[in-house]
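Please take a moment with the sequence and the 3D structure that follow, and then read on with both of them in view.

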Amino acid sequence: MSAAETGPRAGIVELFIRMNPPWVFIDEIRRFVESFCSCASIGADREAQVALAVHELMQNAVPHANGHEVELDLELDPVAGHIVVRVTNACSEEECAALAARVETMYREPDALRSYLRTMKEHPTTARGGLGLARVRFEAQMDIRVHRTAGGRITVE
């Protein structure tokens, strides 16, 4: 075994995509990520959850990217069961502050199901938007963090 195979990142599978995506690619990315996760052997339930998280985060990123590229970084460690999804896009200071406030408000309710149900009630199915982050937290069973990055960009992890 080489040092790279036994080092601190041994066993980690990573996918990185950078694109100027039109909406049509979002569903395809979901299917691709689910297949990628299947090949990484993270388990069928987790494959679907990771694909859902990527789908929801990409749906949020694309309209806010204002024609700029969106980046998807997926890091899987099947042995440790550790998964990181990062989506980065262009974002104004106001949009970043609003998103950070939305995540903070969501986490004021420690129970992910209650938060999800409240969000569903506040955002009717006839209106677009508002439910994705709550879905990621509850249905995908993932924590969400927002980071401001250089160059007027934001990363949702």
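In this predicted model, Asp-73 and Arg-86 form a salt bridge, with their closest N and O atoms 3.1 Å apart. Because Asp-73 lies in strand 2 and Arg-86 in strand 3, the pair ties together parts that are 13 residues apart in sequence. Are these two residues buried or exposed, given that buried means under 20% relative accessible area? Asp-73 counts as buried, since its relative accessibility is 16%, whereas Arg-86, with a relative accessible area of 22%, is partly exposed. Side chains of opposite charge can pair when their charged atoms come close.

Arg-86 also forms a salt bridge with Glu-75, and here the closest N and O atoms are 3.9 Å apart. Glu-75 lies in strand 2 while Arg-86 lies in strand 3, so this pair ties together parts that are 11 residues apart in sequence. Glu-75 counts as buried, at 12% relative accessibility.

Another salt bridge can be found between Glu-69 and Arg-18, whose closest N and O atoms are 3.4 Å apart. Glu-69 sits in the loop between helix 3 and strand 2, and Arg-18 sits in strand 1, so the two residues tie together parts that are 51 residues apart in sequence. With a relative accessible area of 30%, Glu-69 is partly exposed. The count of salt bridges in the model comes to 12.

Val-79 is found in the loop between strand 2 and strand 3, where it is exposed, with a relative accessible area of 79%. Although Val-79 and Ile-42 are 37 residues apart in sequence, their C-alpha atoms are 8.3 Å apart in space.

Strand 3 has a further partner, because 4 bridges join strand 3 to strand 5, and these two strands run antiparallel. One of the residues involved is Ala-90, whose bridge partner in strand 5 is Arg-153. Strand 5, which covers residues 153–156, pairs in turn with strand 4, residues 146–149, in the antiparallel sense and over 4 bridges. In that pairing the partner of His-147 is Thr-155. The hairpin of strand 4 and strand 5 has 3 residues between the strands, and Gly-151 in this hairpin takes a positive phi near 75°.

How many residues of strand 3 are buried? The strand is mostly covered, with 7 of its 9 residues buried. Val-85 shows what such a neighbourhood can hold: leaving aside neighbours within four places in sequence, its contacts include Val-50, Val-54, Leu-57, Leu-72 and Leu-74, as well as Met-142 and Val-156. In soluble globular proteins, nonpolar side chains tend to be buried together.

The largest nonpolar core has 36 residues, and those that touch the most other members are Val-33, Val-50, Leu-72, Leu-74 and Val-85. Among the elements that give two or more residues to this core are strand 1, helix 2, helix 3, strand 2, strand 3, helix 4 and helix 6. Helix 3 gives the most to the core, with 8 residues.

Some nonpolar side chains are placed on the surface instead. Leu-113, Leu-117 and Met-120 form a nonpolar surface patch, and together they have about 240 Å² of accessible area. Leu-113 lies in helix 5, residues 112–122, and counts as partly exposed at 37% relative accessibility.

Buried residues make up 39% of the 157 residues, while the accessible surface comes to about 8900 Å², of which 54% belongs to carbon and sulfur atoms. Among contacts between residues at least 6 apart in sequence, 63% join residues at least 24 apart.

Conventions
Residues numbered from 1 in each chain as written. Predicted model: local features only at pLDDT ≥ 70, side-chain atom pairs only at ≥ 80, totals over all residues. Heavy atoms only, no water. Patch = residues over 30% accessible without salt bridge, like charges linked within 9 Å, V, L, I, M, F, W, Y side chains within 5 Å. Areas by Shrake-Rupley, 256 points an atom, 1.4 Å probe, with all protein chains shown as cover. Salt bridge = Lys/Arg side-chain N within 4 Å of Asp/Glu carboxyl O. Buried < 20%, exposed > 50% of the residue type's maximum accessible area, 1.4 Å probe, protein only. Contact = heavy atoms within 4.5 Å. Core = buried A, V, L, I, M, F, W, Y, C linked by side-chain atoms within 4.5 Å.
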